[in-house]
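Good morning, and thank you for coming.

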Amino acid sequence: MPHPLRSKPLVCTAVLTVICVLHLAELSNPNAAAEPLSQKDDFAQRLRESHTGLVDGQSLRLAIGIVSQHQTQPNRHINTWLDRKVNPDYPVSPGNLGPTRYASLCKIAASAGCVCYPVDNCVLIGRPSWVAELSHRLDSDAQDDAQNDAPGRRPGRGDAESMDLQWPDLTTPDEALQLVRGHSAGRQSGDHAPLALPHDLWPETLLRDISPQLALRLIAGQFLGQLSDARIDVPFARSYQFAGASRAIAELRKTDPNLQTKVSGGQIRLLATPAAHQAFCRQMLSIPDGEPVPAQGAPAAGNALERLKTNQRTFSLDVADKPAGPLIQALVAQLGLQCQFDPAANPQLEKRVSFSAVDQTLWQLVRLITDQASLKIDAAGDKLRLSAKN
């Protein structure tokens, strides 16, 4: 499948072999090992920010962007790296998103047959075999052990050499590689000269506060060659620091019965298959950071229509030929609201509507539908009443 936006696989086998040997040797360097993932990290806190919404019908690339890009606070941006063998234009229908930004990314990825995994300051999104292979190369136990004996530590997020990296639409891999090296004040051992990468055209990309070494490895990681599904079952080790992590282990054993753990200094070191690491992160990062649990049964202020009008959450939706009544009910259900349908309005309720909307409130979306279907909406106590316009 093509890489975002378009791909032109014009490279010969010999060139690809050189890339796999030389660049993947970079990935196996001890300095590539990722730091422990901790709930205290700003990155983890961004992933655990509360999130909700609908992106059904959007392309995979756009849906990821809606979750990862923060329109009003650029510093809340989440770096994502999409497998080039995944079709970025695949239409996704993950249903209700949330409760966190990471949970939303996981649901979007799953809708396209992909998985997610956070490495350092970036979320990998792609085929299970690709994510597993790249995770192995970045986070293996042997690399961690070797790093302790290494003369220097690779720059991590927030270090002096970390950078904001951005390239425009239709950038080639070679251009991206040179851009990273141009930003980096230092040079990796063995990185003496650029190697030709396969020709490709990549979309506009923004990676914030990322180490040059990780950026290089992500670029090289798009060209891993033929991947074996057997690697999905090979365990690797990584440390985590999350409240309640130990309690999650019992559930993980359903995914990996042979996983091993070691707890030290408030951290849990997990030796497990990639799928178990992914499940652990999905569980830990689906808990909203610092959000109080809402009181059960507490009635919301105002009638149903006022609640709908005043809710400020935004959604993106691509609707093609859907019946108006069920669509409105599905939208207002996001607030726990129900609809009463006037039987006389059945023709309008069954009318098919189509539209594309980005970052619209529920009230704005409902108005789009009622205008197309010639419906009006009123309050009926704790419910909404839909009837035909006169």
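Helices (H or I, at least four residues) and strands (E, at least two) are DSSP runs, numbered from the N terminus. Counted in this way, the protein chain has 14 helices and 14 strands. Please note that this is a predicted model: local features need pLDDT of at least 70, side-chain atom pairs count only at pLDDT 80 or more, and totals for chains, interfaces and linings use all residues. Residues are numbered from 1 along each chain as its sequence is written, and side-chain values use heavy atoms, with hydrogens and water left out.

Let me first describe the chain as a whole. A residue is called buried under 20% relative accessible area, exposed over 50%, and partly exposed in between, using a 1.4 Å probe and protein chains only. Of the 390 residues of the protein chain, 49% count as buried. Contact means heavy atoms within 4.5 Å. Among contacts between residues at least 6 apart in sequence, 76% join residues at least 24 apart.

I turn now to the nonpolar cores. A nonpolar core is a set of buried Ala, Val, Leu, Ile, Met, Phe, Trp, Tyr and Cys residues joined through side-chain atoms within 4.5 Å. Which residues touch the most other members of the largest core? Within its 69 residues, they are Trp-81, Ile-108, Tyr-240, Phe-242 and Phe-280. If we leave aside neighbours within four places in sequence, Phe-280 is in contact with Tyr-240, Phe-242, Ala-245, Ala-248, Leu-252, Ile-268 and Leu-270. A second, separate core has 31 residues, including Leu-327, Ala-345, Ala-357 and Val-366.

Next, consider helix H4, residues 101-111. Eight of its 11 residues are buried, so H4 is largely enclosed by the rest of the structure. Those buried residues are Arg-101, Tyr-102, Ala-103, Ser-104, Leu-105, Cys-106, Ile-108 and Ala-109. They pack against several elements, among them helix H2 (42-47), helix H3 (60-68) and helix H10 (274-284). H4 is followed by Gly-113, whose phi is positive, near 75°.

How do H3 and H4 lie relative to each other? Axes are lines fitted to C-alpha atoms, for helices over the stretch in contact, and angles run from 0 to 180 degrees between N-to-C directions. The axes of H3 and H4 come within 9 Å and cross at roughly 175°. H3 is therefore roughly antiparallel to H4. As to the terms, angles under 35 degrees count as roughly parallel, over 145 as roughly antiparallel, 65 to 115 as roughly perpendicular and the rest as oblique. On the H3 side, the contact is made by Leu-60, Ala-63, Ile-64, Val-67 and Ser-68, and on the H4 side by Arg-101, Ser-104, Leu-105 and Ile-108.

Let us move to one of the sheets. Two strands pair if DSSP finds at least two bridges between them. An open sheet of four strands has the order E1-E7-E9-E8, with mixed pairing. Its edge strands are E1 (37-38) and E8 (260-264), each of which pairs on one side only. E7 (residues 236-241) and E9 (residues 267-272) are joined in the antiparallel sense over five bridges. Tyr-240 has Ile-268 in E9 as its bridge partner. H10 lies across E1, E7 and E9, and runs at about 10° to E7.

Another open sheet has three strands in the order E11-E14-E13, again with mixed pairing. E11 (338-341) and E13 (375-380) stand at the edges with a single partner strand each, so one side of each is left without a neighbour in the sheet. Neighbouring strands here are turned by 30° against each other on average, direction ignored. E13 and E14 run antiparallel and are joined by six bridges; Leu-375 has Ala-388 in E14 as its bridge partner.

Ser-387 is found in strand E14 (residues 383-388). Is Ser-387 buried or exposed? Ser-387 is buried, with a relative accessible area of 6%. Neighbours within four places in sequence aside, its contacts are Asp-342, Ala-345, Ser-374, Leu-375, Lys-376 and Asp-378.

Finally, helix H12 lies across E11, E13 and E14, running at about 155° to E11. The axes of H12 (residues 324-332) and H14 (residues 362-373) come within 10 Å and cross at roughly 170°, which means that H12 is roughly antiparallel to H14. With that pair of helices, I conclude.
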